[in-house]
Amino acid sequence: MIHKHDLIIVGAGLAGLRAAVETSQYADVGVISKLFPTRSHSGAAQGGIAAALGNEEHDKVEWHVFDSVKGSDYLGDQDAIEMMCGEAPNAIYELEHLGVPFSRTKEGKIAQRQFGGHTKEVIDENGNSKRIPVLRACYSADRTGHVILHTLYEQCVKRNVRFYAEYFILSLIIDDGVCKGLTAFNLRDGEIHTFHAKAVMFGTGGYGRAYRVTSNAYANSGDGVAIAFRAGIPLEDMEFVQFHPTGLYPLGILVTEGARGEGGYLVNNDGDRFMKNYAPTVMELAPRDMVTRSIQTEINEGRGINGGDFVNLDLTHLGAAKLKERLPEITGFAKTYAGIDPVKQPIPILPTAHYSMGGIPTDLYGHVLADEKGTIVKGFYAAGECACVSVHGANRLGTNSLLDAVVHGRRTGKTLVKYLREAEFSPLPDDAEKKDREMFANLYGTSSGENADKIRLRLKEEMTNKCGVFRNEKDLNSMLDTIHELEHKFKNVHLSCKGKVFNTELMEIIELGNLLEFSDAIVTGALARQECRGAHWRTDHPKRDDVNWLKHTIAFKTEKGIELKYKPVVINKYQPQERKY
Amino acid sequence: MKVTLSIKRFDPEKDEKPYRKEYTIDVEPTFRILDCLDKVKWDIDGGLAYRRSCSHGICGSDAMMINGKNMLACQVLVQDFKKKYIKIDPLPSLPIIKDLIVDMDGFFAKYEVVKPYLISKTQPPVKERYQSQEDRALIDEAVNCILCGACSASCPSLWSNDAYLGPAAMLKAYRFVFDSRDDAQAERLDVVDTPDGLWRCHTIFNCVEVCPKEINITWHLSQLKKKCAMREL
């Protein structure tokens with residue numbers, strides 16, 4: 001079956017829905033999502049969305065820019081960061097106008113809290129300038145992503161946006177360098193559909209599911225990233241995977257950085273607030289990569305609680321009233337999953353795979369780029385976590401992800417409105433579904449073969465151990481061998497369920513193929529990058545190397561394997577300095 | 001430890017009607033029921049179908065009936081049950097598509113009836129609209145709804161009359177009627193102030209008992225009823 005829309009958006013999280021809100025009054029828009037839209041993982045974001053509104057204390061866009069550049073370990077492109085931080089206040093006001101129920105200050109303005117790496121400049125008693133935490137994260141208790149996601153979906157309902165919920169994307173149709181649509185299958189009946197469009201936009205989210213310990217949803221299997229890669233689009237900076245410092249032990253469920261923003265302490269087995277040894281000026285509010293390494297170091301050196309692989313996040317001094325008002329959701333998580341009441345007991349936490357800084361390369365307008373030179377792929381756009389602009393560089397600051405999704409969803413929407421005014425439908429190639437049908441026929445034809453779950457478990461386990469917080473050449477080489485072995489096994493994977501209706505086993509197998517596809521790019525990029533920068537930490541190359549590595553990785557899929565190229569970082573106002581907090 | 005799950009199965013391509021099947025598996029006491037379902041799916045029967053995503057009670061995908069009560073499979077652990085024989089059914093009263101997956105189209109159609117979006121009839125200011133902390137507190141619980149459907153599928157009034165809008169849709173109506181920024185109170189009340197709207201709620205409180213976000217839905221509906229009664233005076 002062929003569906004025709006001016007624009008097909010894939011993914012119904014913040015980036016996709018924000019673009020749908022922007023474009024739907026000017027164009028015929030269809031939104032495809034493998035989940036019902038409000039199930040998207042943007043809804044799990046807790047702590048806030050950054051903007052220098054200055055509602056609680058003096059703040060400046062310039063400080064937000066500097067913090068994001070420094071937080072990115074100077075790998076973020078400064079033109080993109082300036083644009084994002086500059087547009088942040090208006091993007092937030094628009095969200096408020098659309099109905100987002102932000103928490104409020106006493107005067108009734110949008111409330112703001114502290115978050116890691118977000119600072120203001122103050123002059124200390126000796127007349128020296130220093131940077132201390134600032135109230136910049138706009139929030140709605142600890143459910144910020146949830147309320148923004150629901151509000152944007154509500155606005156799509158108001159605008160009669162056409163949704164294809166529980167459709168799972170299979171392939172992009174890129175022909176003569178032009179993106180003409182895509183194929184997807186309807187989970188409800190197992191049928192393959194073709195979507196013919198003047199433009200396709202991906203807002204397909206991140207790829208944390210390649211790791212065993214992760215805060216990510218089952219759905220975060222990096223489908224968009226993998227499908228683009230398979231279609232010949234390169235991937236940028238894939239080796240930069242953020243490990244959030246505070247995942248609830250042992251599953252890795254997110255415990256918001258807002259818990260530390262509200263004053264929570266990190267404590268080791270000796271009862272020490274160990275962050276004083278790593279980031280004395282901002283302590284627990286250092287950027288995530290630093291806090292994560294500090295926690296992992298404490299654990300590795302035997303100072304985890306009772307020698308185990310976790311430390312404690314202590315909120316007991318905040319009091320029951322503050323936890324109820326500001327952090328109700330994580331209080332519930334701790335009770336449900338760890339049997340802990342955070343009012344009385346500290347919460348056991350460990351680092352958890354959380355966010356994908358890398359992804360599909362785009363320019364500032366959401367155009368997908370075909371190479372390291374900046375050639376635009378006509379008709380193909382991306383925004384949010386699946387994209388790499390790059391505003392996060394080597395390490396994203398907390399609350400900049402929702403901002404990235406909203407600002408770039410909006411900007412890409414504006415670009416698309418202009419593009420769609422002029423663009424025509426290009427004819428589809430003959431039988432666009434051929435490859436997908438063959439893949440289905442192969443899988444449905446198997447009567448035995450490799451077990452997908454075993455392949456997936458091994459990939460996740462080894463990615464966590466060998467391509468995690470600390471990396472080295474030996475482990476990364478071994479990880480590449482594992483991936484190649486698993487890719488080989490995957491060719492003989494067995495589909496045991498032969499039904500058409502909600503064949504979720506089939507979906508999981510396709511997702512596994514996607515995990516393997518992009519994991520190769522993560523590890524290949526990590527092996528090549530012989531330095532420490534942001535979230536990428538090589539114990540065998542323990543320093544940042546600006547001479548050789550102040551550049552973006554661009555990975556291409558070729559017949560001989562992955563080929564790496566590089567492109568320079570955009571540096572405007574801020575020259576790289578040593579990164580201390 | 002061992003646990004036995006008795007799961008209601010139905011494959012529309014094979015089965016005339018649903019049946020129960022038991023699976024005994026090895027689990028940790030801290031396994032979520034969702035983890036148990038994964039274990040059955042991955043080790044025993046790849047065809048077992050259920051929805052899931054975030055796995056920690058925020059996306060609302062995996063509402064189902066567990067030992068007779070609607071809850072999220074990811075929000076309850078094996079150790080929360082005394083008996084290690086656990087019955088798992090799809091959400092009741094909704095059409096079964098396959099196994100634990102139900103057709104939620106009707107549920108979302110009712111959600112859309114209450115105009116579930118902010119309607120403002122004034123030009124927004126350059127910055128944010130102001131809202132007092134007291135006004136924001138009025139919608140604090142209502143905005144936590146994750147649209148999992150556990151409430152509506154537990155409502156006897158809805159079981160007996162499919163035209164009833166149900167607690168989830170009405171809670172959404174409350175969320176906007178009581179938002180100080182919304183200007184469409186009258187038109188929204190017109191939608192719920194009907195025999196198949198608010199007045200089908202007989203304060204049975206099933207919805208409150210099952211809500212995984214602990215929202216006191218019945219209280220919210222009573223506030224809406226009060227609002228409707230007041231405007232008739």
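Analyst: Happy to; we can go through the sheet, a helix, the ring contacts and the cavities.

User: What should I know about the model and the numbering?
Analyst: This is a predicted model, where local features need pLDDT of at least 70, side-chain atom pairs count only at pLDDT 80 or more, and totals for chains, interfaces and linings use all residues. Residues are numbered from 1 along each chain as its sequence is written, chains are lettered from A and ligands numbered from 1 in the order in which they are written, and side-chain values use heavy atoms, with hydrogens and water left out.

User: Thanks! Which strands make up the open sheet of chain A, and in what order?
Analyst: Five strands, in the order S12-S11-S15-S14-S13, with antiparallel pairing. Strands are DSSP runs of E with at least two residues, helices are runs of H or I with at least four, and both are numbered from the N terminus. Two strands pair if DSSP finds at least two bridges between them.

User: Which strands are at the edges?
Analyst: S12 and S13 (265-267) of chain A; each pairs on one side only. S13(A) is joined to S14(A) by three bridges, and Tyr265(A) has Asp314(A) as its bridge partner there.

User: And S15(A), is it buried or exposed?
Analyst: S15(A), residues 347-356, is mostly covered, with ten of its ten residues buried. Buried means under 20% relative accessible area, exposed over 50%, and partly exposed in between (1.4 Å probe, protein chains only).

User: How many bridges join S15(A) to S11(A)?
Analyst: Six, and the two strands run antiparallel; Val241(A) is partnered with Ser356(A) in S15(A). Three bridges join S14(A) to S15(A), also antiparallel, and Asn312(A) stands opposite Pro348(A).

User: Switching to helices: how many residues of H10(A) are buried?
Analyst: 19 of the 23, so H10(A) is largely enclosed by the rest of the structure. At 1.5 Å a residue, residues 400-422 should span 33 Å, and the end C-alpha atoms are 33 Å apart, which agrees. That expected span is 1.5 Å times one less than the number of residues.

User: Which residues form the ring cluster?
Analyst: Phe36(A), Tyr153(A), Phe163(A), Phe107(B), Phe108(B) and Tyr111(B), linked by ring pairs.

User: Nice. Which arginine lies over the face of Tyr355(A)?
Analyst: Arg396(A), at 4.0 Å from the ring centre. For this, NZ of Lys or CZ of Arg must be within 6 Å of the ring centre and within 35 degrees of the ring normal.

User: Last one: what is the volume of the largest cavity?
Analyst: About 770 Å³. Of the 50 residues that line the largest cavity, the closest to its centre are His41(A), Ser42(A), Gly205(A), Asn220(A) and Glu385(A). A cavity here is a set of points on a 1 Å grid over the protein atoms alone where a 1.4 Å probe fits but cannot get out, and lining residues have an atom within 4 Å of a point. The volume is the space filled by probe spheres set on the points, which are joined across faces, edges and corners. S15 and H10 of chain A are among the elements that each supply at least two lining residues.

Methods
Phe/Tyr/Trp six-rings, centres within 6.5 Å; stacked < 30°, edge-to-face > 60°. 1 Å grid on protein atoms, 1.4 Å probe; cavity = no way out; pocket = protein on both sides within 12 Å on 5 of 7 lines; lining within 4 Å.
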